[in-house]
Amino acid sequence: MAPLGGAARQTRLLAYHPAMSDNPVSDRYHACIAPLAASSVAKAGRCVLSYGHNGADLARVRQTLTLPAAIERFYGRADSMQIRWRLQQGAAIEYLDREIDIVGGEANVLPVSTCVDGIDGRRGAELLDPYGSFPEARELLDRLAPFDYCEGEFAVCLEMESGRVLDRLHFVPLDGVGEIRPLPVGVEDYLQRGFAMRFIHHWVEAAFFDSPDWTAFSKHYLAQVFGSE
């Protein structure tokens, strides 16, 4: 997205100095990815936090939609955020199942305009249910706006209702497997938990859906890659 008024800033995977800034999203982003710079087993893919130039987009969205305080706070501090990491080739780690385990992490928090307007002209059920797997949920899907959109895997979406965006999240599997489920948290708690779990694959199921398999997966690999759970 081209800069819109004011100086744009993009923070990539750089050396991290733990002094706190006046932007808590930036602080959490850097703390999340900083260990990758010196890791012997994992490496960063595309990691970008963009901020400082979404004022015009945010103002335009406010003209037609009422935003909750949590969304206002987030998009006041960040335009968008991408985090991708994966294992290095030949990484010396202990696998739970070497044949099937894909170890890495991803977050793709969309700009506010993309969140409410859709992607490439697609929104609602057309975007979130490409295989027609959830016909009974079409009305709900048409009210959902993708917030964290990991293409081909899942989307965590905000719910819209009567000219308002709600701080109410829903998990939508984009591969058509599984079920659409509400999350028990809002945006701020969602991101806080994601940063803590380094957005490892299937972290949502581990964090919010009490999945013993994905909880074991997350703990096993986070401990080896980041030295933490």
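Reader: Where does Ala 92 lie?

Author: Ala 92 sits in the loop between strand E4 (80-87) and E5; helices (H or I, at least four residues) and strands (E, at least two) are DSSP runs, numbered from the N terminus. This is a predicted model, in which local features need pLDDT of at least 70, side-chain atom pairs count only at pLDDT 80 or more, and totals for chains, interfaces and linings use all residues. Residues are numbered from 1 along each chain as its sequence is written, and side-chain values use heavy atoms, with hydrogens and water left out.

Reader: Is Ala 92 buried or exposed?

Author: Buried means under 20% relative accessible area, exposed over 50%, and partly exposed in between (1.4 Å probe, protein chains only). Ala 92 has 73% relative accessibility, so Ala 92 counts as exposed. Its C-alpha atom is separated by 9.5 Å from that of Gln 224, 132 residues apart along the chain.

Reader: What does Asn 108 touch?

Author: Contact means heavy atoms within 4.5 Å. Not counting residues up to four places away in sequence, Asn 108 touches Met 81, Gln 82, Phe 147, Asp 148, Tyr 149 and Cys 150. Asn 108 belongs to strand E5 (residues 104-109) and counts as buried because its relative accessibility is 12%.

Reader: Which residues is Gly 163 in contact with?

Author: Leaving aside neighbours within four places in sequence, they are Thr 64, Leu 65 and Thr 66. Gly 163 is found in the loop between strand E7 (154-161) and E8, and at 36% relative accessibility it counts as partly exposed. From C-alpha to C-alpha, Gly 163 and Leu 65 are 5.0 Å apart in space, against 98 residues apart in sequence.

Reader: Why do the buried residues of H2 line one face of the helix?

Author: An α-helix has 3.6 residues a turn, so residues three or four places apart point the same way. In helix H2 (residues 55-64) the buried residues are Asp 57, Leu 58 and Val 61. Seen down the axis of H2, they fall within an arc of 95 degrees, so they line one face of the helix; the arc is that of the directions from the helix axis to the C-beta atoms. Their cover includes helix H3 (69-77) and helix H4 (112-117).

Reader: How many cavities of 30 Å³ or more does the structure hold?

Author: Rolling a probe the size of a water molecule over the atoms shows where empty space is left. On a 1 Å grid over the protein atoms alone, a cavity is a set of points where a 1.4 Å probe fits but cannot get out, and a pocket is an open set with protein on both sides within 12 Å along at least five of seven lines; lining residues have an atom within 4 Å of a point. Grid points are joined across faces, edges and corners, and a volume is the space filled by probe spheres set on the points. The structure holds 1 such cavity, and about 40 Å³ of space lies in the largest cavity. Its lining includes Cys 115, Arg 123 and Met 160, and strand E6 (144-150) gives the largest share, 3 residues.

Reader: What volume does the largest pocket have?

Author: The largest pocket has a volume of about 470 Å³. Of its 23 lining residues, the closest to its centre are Ile 102, His 201, His 202, Glu 205 and Trp 214. Strand E8 (164-173), helix H8 (203-208) and helix H9 (212-225) each supply at least two residues of this lining.
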